[in-house]
Amino acid sequence: MACQKIGTLGLELCRKSRRTTALSAAASKIPAFACGSLASGGLTLHGEKSSEAGVSLDKKVNSSASHAAPATHRHQNVKKRGEELLSRSGRAYSSTAPQVNPKTYLWARYNEMKRLVHDLIPPGVCNLLNPATIYANNEVHLDEVDIYGFDYDYTLALYSNALDAMIYNKARDFLIEHYKYPQEIGKYDYIPNFAARGLHYDIQKGLLMKIDAFHYIQMGTVYRGFKPVPDEEVMQLYGGTNHVPLHQVSGFYGKGPKMKQYMDVFSIPEMTLLAAANDFFISNDIEYDPVHLYRDVSEAVGMVHIKGFMYKWIMQDLEKYILHGDETYAVLHRLVNHGKKLFLITNSPFSFVDKGMKYMVGKDWRDFFDVVIVQADKPHFFNDCVKPFRRLDSNGDLQWDKIKSLEKGQIYKQGNLYDFLRLTGWRGSRVLYFGDHLYSDLADLMLRHGWRTGAIVPELEVETRVVNTEQYAQSLTWLQALTGLLERLQMHKDPESKKVLEDWLKEREELRAVTKNLFNPQFGSIFRTCHNPTYFSRRLCRFSDLYMASISCLLNYDLSYTFYPRRTPLQHEAPLWMDQLCTGCMKTPFLEEMAHIR
């Protein structure tokens with residue numbers, strides 16, 4: 001998201017940096033260099049001729065004046081110059097150019113770039129992202145979509161944060177009452193915003209952490225209980241590395257032999273309870289097996305759902321727990337009015353769905369849907385063909401008739417996708433299905449059946465607000481610029497320069513911490529580690545064509561709209577990317593001098 005906003009400043013930053021570099025250098029009596037930097041200018045910091053350049057300034061001026069020459073002549077000049085460079089390699093030459101203190105030079109570059117970053121973030125730039133935007137990972141033509149499918153929980157029905165505390169408290173009580181955990185655990189209250197979706201939990205070590213798309217643990221985001229684990233200890237625990245092998249990270253549905261990834265919004269109370277229970281045993285120096293703890297907490301949270309407590313709370317106070325019900329009605333009404341077919345596939349029971357839909361949409365909510373399936377047992381619904389469909393009567397009681405067609409106005413239970421496809425004929429990119437769980441709702445549909453998929457990510461609304469702040473824009477832009485300076489100027493190896501670069505590296509780490517803490521002090525953004533996408537973000541891009549904060553975002557788009565994904569440059573495709581633009585330099589320092597090898 002940051003690249004979409006700050007990247008638009010890049011070209012202007014590059015232009016202005018090239019205009020102002022010479023002026024600032026003249027003012028400070030320090031020579032400044034643009035894309036070619038020191039090497040292509042032929043100067044070292046001590047007034048000697050560079051062994052890489054080996055050409056006088058007069059020759060460089062003459063060379064630049066001959067740019068109008070034919071291409072073959074220019075090629076000969078470059079080749080001749082390359083031969084001169086090779087023949088003069090390693091020799092030093094005297095020069096009358098002024099000597100430059102390396103420390104002064106580096107800090108001059110730093111200060112000039114910092115001023116540019118400050119000046120080039122115009123007023124209002126921090127409001128460019130709209131939280132109601134739909135983001136595209138793949139090209140999607142809505143005019144080709146005839147059938148819209150929906151999950152229920154956190155898709156058609158969004159819930160307030162008050163539900164998280166209720167789930168946590170009831171599961172904690174189950175640990176104490178049914179699993180005989182110490183009563184003192186009851187003193188641990190729910191901590192909102194401690195955990196974040198997409199985190200991994202090391203079952204055997206009892207550690208909660210964030211892992212990036214390349215299976216590296218983000219240092220500073222590893223927690224044992226509520227206490228962060230030092231980076232040095234993390235490295236020791238994982239054999240001298242912060243990389244977690246593929247077979248340990250997770251299986252296809254987010255759970256491997258040693259790791260569990262928490263992918264849905266309902267999992268946030270579970271992660272918090274795991275942290276609380278771990279913290280209790282560690283703080284009281286009580287020996288315990290983290291594997292047993294993980295299983296007990298998982299079962300306790302499961303009991304909240306299985307025994308129907310969550311359904312009961314919501315049905316007793318729909319107004320408290322269900323958000324934006326009027327927007328759900330508006331989306332469904334609009335789709336039906338445009339002749340689209342709708343269906344619902346949810347794991348929740350009919351009585352719960354019925355009451356919630358009546359609250360949001362009205363007593364005739366079933367008229368909107370061509371097919372309604374409850375207690376579907378996803379993800380198994382999508383990947384096996386074992387369970388047949390059963391019909392429910394108006395009271396929710398099972399019927400015994402064999403299902404030969406899926407009829408509008410009827411309620412069906414269980415079933416499987418293969419029978420669903422056979423009975424409806426709804427296949428391929430004509431179908432767009434929305435859900436919040438990347439594995440249970442979307443993965444099989446995208447990879448095995450070719451449906452279009454839309455991920456509901458409520459966290460987008462909060463994260464967009466953060467990205468739209470001036471503090472984030474300033475911090476991230478300067479972080480990118482500083483990283484570019486470090487990359488470009490790292491060839492300065494004298495002791496004073498090394499000390500300056502070390503100071504910059506420390507500042508870079510501090511900036512990373514600042515941007516991380518703006519989202520979540522423990523784990524940062526659910527979409528990014530320091531610079532890489534998170535494991536969650538990688539799965540989001542893999543399993544969803546579109547993603548958005550809620551289905552109400554559909555109200556902002558015409559139903560013939562085409563979503564085009566932004567072409568994100570690969571590393572080898574971007575001749576001028578953010579860090580190069582910030583420094584006014586090409587990524588390869590001596591690109592011009594190396595032209596002769598082509």
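Is Asp119 buried, partly exposed or exposed? Asp119 counts as partly exposed, at 36% relative accessibility. Here buried means under 20% relative accessible area, exposed means over 50%, and partly exposed lies in between, with a 1.4 Å probe and protein chains only.

## Basis of the model

This is a predicted model, in which local features need pLDDT of at least 70 and side-chain atom pairs count only at pLDDT 80 or more, while totals for chains, interfaces and linings use all residues. Residues are numbered from 1 along each chain as its sequence is written, and side-chain values use heavy atoms, with hydrogens and water left out.

A salt bridge is a side-chain nitrogen of Lys or Arg within 4 Å of a carboxyl oxygen of Asp or Glu. By this rule there are 21 salt bridges. Side chains of opposite charge can pair when their charged atoms come close.

One of the salt bridges joins Arg115 to Asp119, with 2.8 Å between the closest N and O atoms. Both residues belong to helix α6 (residues 102–119), and because they are four residues apart, about one helical turn separates them. Arg115 is partly exposed, with a relative accessible area of 36%. A network of salt bridges links Arg115 and Asp119 with Glu112. Helices (H or I, at least four residues) and strands (E, at least two) are DSSP runs, numbered from the N terminus.

## Other salt bridges

Arg430 and Asp146 form a salt bridge at 3.3 Å, N to O. This pair links distant parts of the chain, 284 residues apart: Arg430 lies in the loop between α17 (417–424) and β15 (431–435), and Asp146 in the loop between β2 (140–141) and β3. Arg430 is partly exposed at 35% relative accessibility, and Asp146 is partly exposed at 33%.

Arg172 forms a salt bridge with Asp173, where the closest N and O atoms are 3.7 Å apart. Arg172 counts as buried at 9% relative accessibility, whereas Asp173 is partly exposed at 26%.

## Strand β11 and its partners

Strand β11 (residues 341–345) is mostly covered, with four of its five residues buried. Two strands pair if DSSP finds at least two bridges between them. Strand β3 (residues 147–150) runs parallel to β11 and is joined to it by four bridges; Ile147 has Lys341 in β11 as its bridge partner.

Strand β12 (residues 371–374) also pairs with β11 in the parallel sense, over three bridges. Ile373 in β12 is the bridge partner of Ile345. Together with helix α15 (residues 350–360), β11 and β12 make a right-handed β-α-β unit. Right-handed means that, with the strands pointing away from the viewer, the path from the first strand over the helix to the second runs clockwise.
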